[in-house]
Amino acid sequence: MTVFSVVTALVQVVLVAAVGPILVGVLRQLRARVEGRVGAGILQPWRDLIKLLRREPISAAGTSWVLILAPVVLMGTSLAVAVLVPYVSTRSATANSSDLFAVVALLLVGTVVLTLAGLDTGTAFGGMGASREITIAALVEPAVLLAVFALSPPAGSTNLAVIVARRVSDQAQLASPVSLLVVVALMIVTLAEAGRLPVDNPATHLELTMIHEAMVLEYSGRDLALVEWASSIRLVILLGLTANLFLPWGVATQAGALALLVGVVAFLAKLLLFGAVLGIGEVFIAKFRLFRVPELLAGAVVLGFLAVMAAFFLVQGSG
Amino acid sequence: MAGLIRRLRRVGRITEPAPAAPAFEAFTDIARSGSAQVRHVDVGSCNGCEIEIAATFGPVYDVERFGVRLTASPRHADVLLVTGAVTRNLQAPLRHTYEAAPAPRIVIAVGDCARNCGVFAGGHGVVGPVSDVVPVDIEIAGCPPRPAEIVAALRQVTGR
Amino acid sequence: MSNQFVQALNLAAGLILLTAVLTLWIRRVSTLVRLIALQGVALAVLVGTVAWHGHDRQLGLLAFGILALKAFVLPYLLRRVSTQPGEAETDPLVNVPASLLAAAALAAISYAVTRPLVALVPSAQVRATPVGLTIALIGLFVLLTRRRAVSQVIGFILIDNGIAVVAFLTTSGVPLVVELGSALDVLLAILVLQILTNRIQAVFGDTDLDGLRELRD
Amino acid sequence: MNFAAVVVLGQGVFTVLGTLASFLPPNRRALAAGLATGLLGATGFATGMVAFTRPTTMEVGSGLAQVSIRLDPLGGIFLLIIGLLALAASCYAVGYVSGPSASRTSWIALTLFIASMQLVAMAGSVAVFVVGWESMAVTSLLLVWTEHQHSRAVRSAGLWYAAMSQLGFLLILGMFALLVSTGGQSQFLNMHSAVSTGSPLLRSGVFLLALAGFGMKAGLVPVHVWLPRAHPEAPSHVSALMSGAMVSLGIYGLIRIVIEVLGRGPIWWGLLLLAFGGVSALYGVLQAVVATDLKRLLAYSTTENMGLATVAIGAALLFVAADRPIPAGVAIGAALLLVVNHAFFKGLLFLAAGAVLKATGLRDLDRLGGLVSRMPTTARLFAVGALAAAALPPANGFVSEWLLLQSLVQGERGSSTVTALALPIAVAVVALTAGLAVATFVKAFGIGFLARPRSEAADLAVESPMAMRFGMGLLALIVVILGLFPTAVLHWIALATTIPGARPITATWARIQLAGGASLAPPMLVALTVAFGALMAGFVRWHGRPRRTGALTWGNGGVRLSSRMEYTATSFAEPLQRVFDNILRPEQDVSVTPVAESRYLVERVGYEQRVDDVVETRFYQPLLAIGAAWGDWGRRLAPGSVHRYVGYVFGALLIAFAVISL
């Protein structure tokens, strides 16, 4: 528990919280450019948030404490994960608690409170969004666990900090079929969890096609600000995790201000890269029918399983 | 996909250059915050204004570059974009929508019908202009108004 | 053996495996063909790696041959078949999640089967052989569960690739003849099928092979 | 006369007192009997403590009448569960019971039920175990049958339960017969050494009988069918005890016999347990996801959790067979922790469901809702239980799920091919189960308690009396404590893991550390979440407008939404039900009634859907049909005519002569 480790943790959480809306802005901007528009600039989500903070929160008649508590819990879990997962350094104060299953469970808590809020509104759309969100969340679970199960044997632990550190030190693993299969599986998981195309369309205005949006139709003012902000943070969390597992270069594995700086820069670069891939890719694909999504996730599960097989039989010893 | 990319490169940017920013007069504390979420309410329009609004958000006028976005729920909205003369059946829904939007809310009456019932004035089932039902902050003349005018009005709100 | 060699080998094997799984996943034939081409490239890379590692000139030439044949010629022909009406989408007899899980099972089986072999010679090449077996099995599965003529051909190609992978990895360097022979088989099969599909097109209007059952008696 | 003897004697005393108190007049009966049973539970808890601190064995009497009591950590874990659950359930019952459930018989049955469960956990010899087991089955059957005069469902549930528990009892008897005949030892203490020399065939026979018999009690698929029938129909405090304590004793039996007595076995034992456990977990949670009857949902989730525990035991067997004590120890620890946590949160959930049932008379989620404002305490307590059942922090369910996954992941390294193939599948199954459990309990809480009431009865609900809330609150407290500081129970569990040379779980007050290198610190996770949440809440409130309350819900410009527009439990689970269509096989029918004038104008469209237990409809009903057919055939043999009977005798005589003459 050195000073550096605490500083690292703080830097990391502040960085993720600040970058979240910007990443969303980048995605929108890319889309706008590809569509031949000018776009609102990558800082637009921040402008929206700041404005929302000054607006009036409303809780409708018949709703309960769940509706008010949900955004706070969602934000809390998201930031907790942001501080746990090794994004800029594997030496942060909380590194020894960054167990994968714990991280997944925390993210799941966020999803659950939001679905409960959607049900609490008592509107048809809220219930619909909650039902769809929970369906996807349930089916994502095996995919993500298997994926990281495949990464854990070389590190000998499910602790993300240990896994990332090990992948930094032993670059040979990066070019193995395991990481190839895993990164595809994790990308699918990211799309599903963060509600991006082709699973969910973040820019839709038609309630019947909504998943995530439908749950938050009832929110306004600072509640909405928290929800939107937390969602963007979750996107960074998932993309960043995928990025760090696949390209762990630059993650600081020992103390030092310089290492930390390098870590921050590298993280931003990786995030930009993956974000660009995501943003451009989204322009070319259409949204799936809801009942095609299970196929996608089943595919992710199978890839995860193959990755475990490969990790066990292929890489063992040779990697 | 390759063809699509080629076409994209050929077309490039098609948005027209932004006209000079209008003179802003602040009328609420959320105006000029560089961001406005818009909920469009049609209370009996002939869909002429809708077409112009669609053009406003299209790639040519691209009002999004000034920080304006359409939203699905009035709970998220700062601006109600009301079109058409208020008909009897949509009087209550308009008021509900106004109530549903968090304060402070800005109402923009788009088109002559919304301002003074236009050609439908005194028509059967017409209650009156939007200002009879909810307080209006900005009015946009024209039947239908040109997208550029709608853009100018929305820029008044976002202040960009 | 050098580390780069192992990495390249594993990467190629992983890519082949990935593409094979994706073929079960994707319905649009044009995309399927693209995948097959990608797999051909991966296979060529694999063979090339083995050749470069074993300093085997003949094998190197063969790698180029495979590249030409599997990454360009076959996909080109397939594309021509698939441009005919009614060939745009494959409709599998088994639904996609089920066939994906089946693929997982096949992978498990082939790993289990080749375990003793791997234990025998625990070199990186031999370790990658289960991948080849998996591909072959998946190819058989595709043959079983897909209706359209094109996807049948794709099944053939998968089987062929699988056999090739196993052959190259176990006996690094297979008699040139065998490989070319098997590849030419597929080529022939495609040509036949193209004529066949044209005929079926002309007669039935689409190439759903179930339609052929009526020709039985 | 040592302390152990005192507490054991105390249990006997309170059993008698509880029985006597049941004879008091109704107005004073509930309080007195409830007090007695509560104290019975408390003393049982004390006995459990003794079992941990000073394991002892005591014989009373001799020969056939010898009663051998053995207090050891493994039994202690279950004494602990039974004790605390009995305490909470008794407090609850004082406020809950009414009508038949308040009758003298049911109070006596409850007392004896608790006592016999404790006896099973303390049994030192086969005789005691069997006696306890059977009396447990009988008393619980009486309790299930409490409401038999009012509904047919209760009667059929009782029949199913009676039939299956007796069948299970026979299997267990056979298993013990085999054991004793192999080892010639009827004391559990030295049975292991006696049996270890037995022939593999006999050992496997014992294993299979134990799996079948105890699996029936633990509600594993396909012998689970009694569970979703009996639990909903029993009075809720009984359901809590049955699902929390009695069902867990099935797992107790499995660990006691398979791990402790049999110990190391062939590899297929472990695989078989993995398969049964995985199937049970997945099938149970799938049925729970689509269930609309709240208590039925909870019953199926019991099957799920017992399945997970079985998976853990199977994994342990695999690792034992592979001489890897470390993961084996983790797996057994996971199994025990799963059982402990499940006992408390499932007890809590059943009690809360009972409170809802008492307040509204409803078990059907599709007609509940809006209770969060009408029964605020019950709602909050149910939320805690649901969080635990969904295996989410900060509740206790998460920790056991984590331990299970860890044991599976650790086991993968350096294992044989079969294991290497089985474990990833197990992980996938456990993960999918966890995800579906989340969906299940979001439905249970979100539909059952939130939004607006979907029926008159739910609208008029009122908060339940003090005693009930106390009973639930006690369990909720335990759930949260075990969630934040699982270490409170982990070192007892470590004592109870009877794998030679395995102490893989070390725990400080705040952190669980596994020998494999993984570690978990629940308080840290919760602290981070709370800190950041509070920080952000404060930050956004900083310069914000006051909250507007009481506005209309946004209904697309319409007026106030009616509760008929809300999502119901059925519609909420519909996507998942569609995804797993070919496992669940729901029966739907749409009836369209046109108006009299023209068949093109539809007057009303009726839609109904039912998800039956596939195992029951596809497996048991054919079986029963065959049995019935046999019965009919048999009846035709006995038409009641004397001549026919004489004829039978004559024929038999002739056959006998023929046989002799040969």
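Domain bounds in this description come from an automatic or database domain assignment. For chain D, that assignment gives domain 1 (267-537) and domain 2 (616-661), and the C-alpha centres of domain 1 of chain D and domain 2 of chain D lie 51 Å apart. The structure is a predicted model, in which local features need pLDDT of at least 70 and side-chain atom pairs count only at pLDDT 80 or more, whereas totals for chains, interfaces and linings use all residues. Residues are numbered from 1 along each chain as its sequence is written, while chains are lettered from A and ligands numbered from 1 in the order in which they are written.

Two residues are taken to be in contact if their C-beta atoms, placed from the backbone, lie within 7 Å. Among the 5 pairs of chains that touch, the pair with the most contacts is that of chains A and D, and this contact takes 68 residues from chain D and 72 residues from chain A. Helices (H or I, at least four residues) and strands (E, at least two) are DSSP runs, numbered from the N terminus. On the side of chain D that touches chain A, H17(D) gives the most, with 15 residues. By class, this side of chain D has 44 nonpolar, 15 polar and 9 charged residues, where Ala, Val, Leu, Ile, Met, Phe, Trp, Tyr, Cys and Pro count as nonpolar, Asp, Glu, Lys and Arg as charged, and the others, Gly among them, as polar. Chain B and chain C, by contrast, do not touch, and their nearest C-alpha atoms are 11 Å apart.

Within chain D, the axes of helix H15 (residues 376-389) and helix H17 (residues 417-449) come within 9 Å and cross at roughly 170 degrees; axes are lines fitted to C-alpha atoms, for helices over the stretch in contact, and angles run from 0 to 180 degrees between N-to-C directions. H15(D) is therefore roughly antiparallel to H17(D), a term that applies to angles over 145 degrees. To this contact H15(D) brings Ala379(D), Phe382(D), Ala383(D), Ala386(D) and Ala389(D), and H17(D) brings Ala437(D), Phe441(D), Ala444(D), Phe445(D) and Phe449(D). These residues divide into 10 nonpolar, no polar and no charged.

Pro376(D) also lies in helix H15 of chain D. With 14 other C-beta atoms within 10 Å, Pro376(D) is partly exposed, a class between buried (20 or more such atoms) and exposed (12 or fewer), with C-beta atoms placed from the backbone. Pro376(D) and Leu475(D) are 99 residues apart in sequence and 17 Å apart in space, C-alpha to C-alpha.

Technical notes. Angles under 35 degrees count as roughly parallel, over 145 as roughly antiparallel, 65 to 115 as roughly perpendicular and the rest as oblique.
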